[in-house]
Amino acid sequence: MKPDDPLLRILACPLDKGPLHLLPSADALYNPRLRRRYPIVDGVPQLLPSSGEQVADEEHEQIMELLQRTAP
């Protein structure tokens, strides 16, 4: 999945229905509100609630810094 993929505009977190952010280096989508990461497998986002994994505080901070640096 690429950052300009139109699918990113309509994908939402299965738990809070909010927007997700692409983490290209991790091949994952991230919900900063719930601190959950959803994998992308063979180009297909795995958006079942059970597919998401909780992110530790330190990793969350690193992800947020990365997202701020790459924001348009």
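Modeller: Buried means under 20% relative accessible area, exposed over 50% and partly exposed in between, with a 1.4 Å probe and protein chains only. This is a predicted model, in which local features need pLDDT of at least 70, side-chain atom pairs count only at pLDDT 80 or more, and totals for chains, interfaces and linings use all residues. Residues are numbered from 1 along each chain as its sequence is written, and side-chain values use heavy atoms, with hydrogens and water left out.

Colleague: How many salt bridges does the structure hold?

Modeller: A salt bridge is taken here as a side-chain nitrogen of Lys or Arg within 4 Å of a carboxyl oxygen of Asp or Glu. Under that criterion, the number of salt bridges in the structure is four.

Colleague: With which residue does aspartate 16 form a salt bridge?

Modeller: In the salt bridge between aspartate 16 and arginine 33, the closest N and O atoms are 2.9 Å apart. This pair links distant parts of the chain, 17 residues apart, since aspartate 16 sits in the segment before β1 (21-23) and arginine 33 in the loop between β2 (28-31) and β3 (36-41), where strands (E, at least two residues) and helices (H or I, at least four) are DSSP runs numbered from the N terminus. Aspartate 16 is partly exposed at 30% relative accessibility, and arginine 33 is partly exposed at 41%. The salt-bridge partner of aspartate 16 is therefore arginine 33.

Colleague: Aspartate 57 and arginine 35 also meet in a salt bridge; how many residues apart in sequence are the parts that the pair ties together?

Modeller: The side chains of aspartate 57 and arginine 35 meet at 2.6 Å, N to O. Aspartate 57 lies in helix α1 (residues 57-70) and arginine 35 in the loop between β2 and β3, so the parts tied together are in sequence apart by 22 residues.

Colleague: How many residues has the largest nonpolar core?

Modeller: A nonpolar core is a set of buried Ala, Val, Leu, Ile, Met, Phe, Trp, Tyr and Cys residues joined through side-chain atoms within 4.5 Å. Cysteine 13, in the segment before β1, is buried with a relative accessible area of 1%. The members of the largest core are Leu8, Leu11, Cys13, Leu20, Leu22, Leu29, Tyr38 and Ile40, so their number is eight.

Colleague: At what relative accessibility does histidine 60 count as buried?

Modeller: Histidine 60 lies in helix α1. Not counting residues up to four places away in sequence, histidine 60 touches Tyr30, Pro32, Arg35 and Val55, contact meaning heavy atoms within 4.5 Å. Histidine 60 counts as buried at a relative accessibility of 6%.
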